[in-house]
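User: Hi! Could you walk me through the side-chain contacts in this model? I'd like to start with charges and then move to the packing.

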Amino acid sequence: MFASAWRSVATSVETQLTATYFRVQKLRKVGFRGMHSTLEDVQLEGMEIKILPALQDNYMYLIVDTKTREAAVVDPVEPELVIKTVQEQQLTLSKVLTTHHHWDHAGGNEKLLKLWQKELDVYGGDDRIGALNKKVQQDDTFTIGGLHVKCLSTPCHTTGHICYHVTAQDGSGEGAVFTGDTLFQGGCGRFFEGTPEEMYEALCTKLSALPDATKVFCGHEYTLQNMSFARHVEPDNEVIQQRIEWAKHRRASQDPTVPSTIGEEKSWNPFMRVHEAAVQKHAGGATDPVVTMGKLRKEKDTFKA
């Protein structure tokens, strides 16, 4: 009896120690500051993307040219983490890419410039963006080291929203697009300053035209919420259910669910599937994809997962 009781205690202690070990390992990776996700690097042709979690569910990104080590940061709302990473990795930070003016994306620009104390080009498409000194519009281009950046104007969430499409200098590889609050994994941003027509143009014309292999780095960790709505719209879409299960495993370990790809978004994102009969039927049966877009967004605004 005592032996059995001792084994039970020993097993319990072992289980607790194992759980503590993995919590410590996760804490070492996530950090003591309580980040919502782990820090991760994504290697693409000619570039490295460093995923930097911020605030409650935001993502910042460092885009690094692997040859020159020149870097740009997307939406640096927590500049201290950006500077720490840049210094640790011995990068040359030269540019800020701001997707839109909302505080949780542009709110760190001015502080970053103050802390960095070196010249930075701050890109964006809206005069409301703090520290803006390089205003851009549709099809404007610039470089990050040898990387090529093309600006895509995607007004709707805000009137001045810009997505940034980044490719290797020779055009090889999958490339990446930084979509802010226009395109999320499995969803899209609210139409705060725009119309269904504008979001349709952004998602189904401009972003859909990118190569299917293009990696999508969005502005928030909203995947599980968005995919729950996607499943509500298309309950028979097995790709959606598979992604939900994958995302649950990732989030259980506090790992980010970004990036997805443009091709994947076309397979599960209802806002990029407004031409599909099943999606149109769910939205009331209208065959006009713009009408479907508007009805989906109105439903999503009050949807409870």
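Analyst: Happy to; what follows covers charged pairs, nonpolar cores, strand pairing and aromatic rings.

User: Great. What should I know about the model and the numbering?

Analyst: This is a predicted model, so local features need pLDDT of at least 70 and side-chain atom pairs count only at pLDDT 80 or more, while totals for chains, interfaces and linings use all residues. Residues are numbered from 1 along each chain as its sequence is written, and side-chain values use heavy atoms, with hydrogens and water left out.

User: How many salt bridges does the structure hold?

Analyst: There are 16 salt bridges, where the term means a side-chain nitrogen of Lys or Arg within 4 Å of a carboxyl oxygen of Asp or Glu. In one of them, the side chains of Lys-50 and Glu-48 meet with N to O at 2.6 Å.

User: Is that Lys-50 buried or exposed?

Analyst: Lys-50 is buried, at 4% relative accessible area, and Glu-48 also counts as buried, at 8%. Here buried means under 20% relative accessible area, exposed means over 50%, and partly exposed is in between (1.4 Å probe, protein chains only).

User: Which residues are in a network with that pair?

Analyst: Let me take two other bridges on the way there. Lys-84 forms a salt bridge with Glu-88, with the closest N and O atoms 2.7 Å apart. The two are 4 residues apart in helix H2 (residues 79-88), which means about one helical turn between them. Helices (H or I, at least four residues) and strands (E, at least two) are DSSP runs, numbered from the N terminus. Lys-84 is partly exposed at 46%, and Glu-88 is exposed at 52%.

User: And the other one?

Analyst: That is Lys-266 with Asp-212, whose closest N and O atoms are 2.9 Å apart. Lys-266 lies in helix H8 (residues 262-268) and Asp-212 in the loop between helix H5 (196-207) and strand S14 (215-218), so the bridge ties together parts that are 54 residues apart in sequence. Lys-266 is partly exposed at 28%, and Asp-212 is partly exposed at 44%. Back to your network: salt bridges that share partners join Asp-41, Glu-48, Lys-50 and Arg-69 into one.

User: Nice. On to packing: which residues touch the most other members of the largest nonpolar core?

Analyst: They are Ile-49, Tyr-61, Ile-63, Leu-97, Tyr-164, Phe-178 and Phe-217, in a core of 27 residues. A nonpolar core is a set of buried Ala, Val, Leu, Ile, Met, Phe, Trp, Tyr and Cys residues joined through side-chain atoms within 4.5 Å. A second, separate core has 26 residues, including Cys-188, Ala-202, Met-272 and Val-279.

User: Which residues is Tyr-61 in contact with?

Analyst: Leaving aside neighbours within four places in sequence, the contacts of Tyr-61 (heavy atoms within 4.5 Å) include Ile-49, Lys-50, Val-73, Phe-178, Phe-217 and Val-258.

User: Changing topic: which strand runs parallel to S14?

Analyst: Strand S11 (residues 176-180) does, joined to S14 by 4 bridges; strands count as paired if DSSP finds at least two bridges between them. Val-177 stands opposite Val-216 in S14. S14 also pairs with strand S15 (residues 260-261), in the antiparallel sense over 2 bridges, and there Lys-215 has Thr-261 as its bridge partner.

User: How many aromatic pairs are there?

Analyst: The count is 9. Rings of Phe, Tyr and Trp (its six-membered ring) pair if their centres lie within 6.5 Å, and planes under 30 degrees apart count as stacked, over 60 as edge-to-face and the rest as tilted. Tyr-61 and Phe-217 have ring centres 5.2 Å apart and planes at 70 degrees, so they are edge-to-face. This pair links Tyr-61 in strand S3 (residues 58-65) with Phe-217 in strand S14, 156 residues apart. Tyr-61 is buried at 1%, and Phe-217 is buried at 1%.

User: Which cluster are they in?

Analyst: Tyr-59, Tyr-61, Phe-178 and Phe-217 form one aromatic cluster.

User: Last one: which charges sit over Trp rings?

Analyst: Lys-118 lies over the face of Trp-116, 4.8 Å from the ring centre, and Arg-243 lies over the face of Trp-246, at 3.8 Å. The rule asks for NZ of Lys or CZ of Arg within 6 Å of the ring centre and within 35 degrees of the ring normal.
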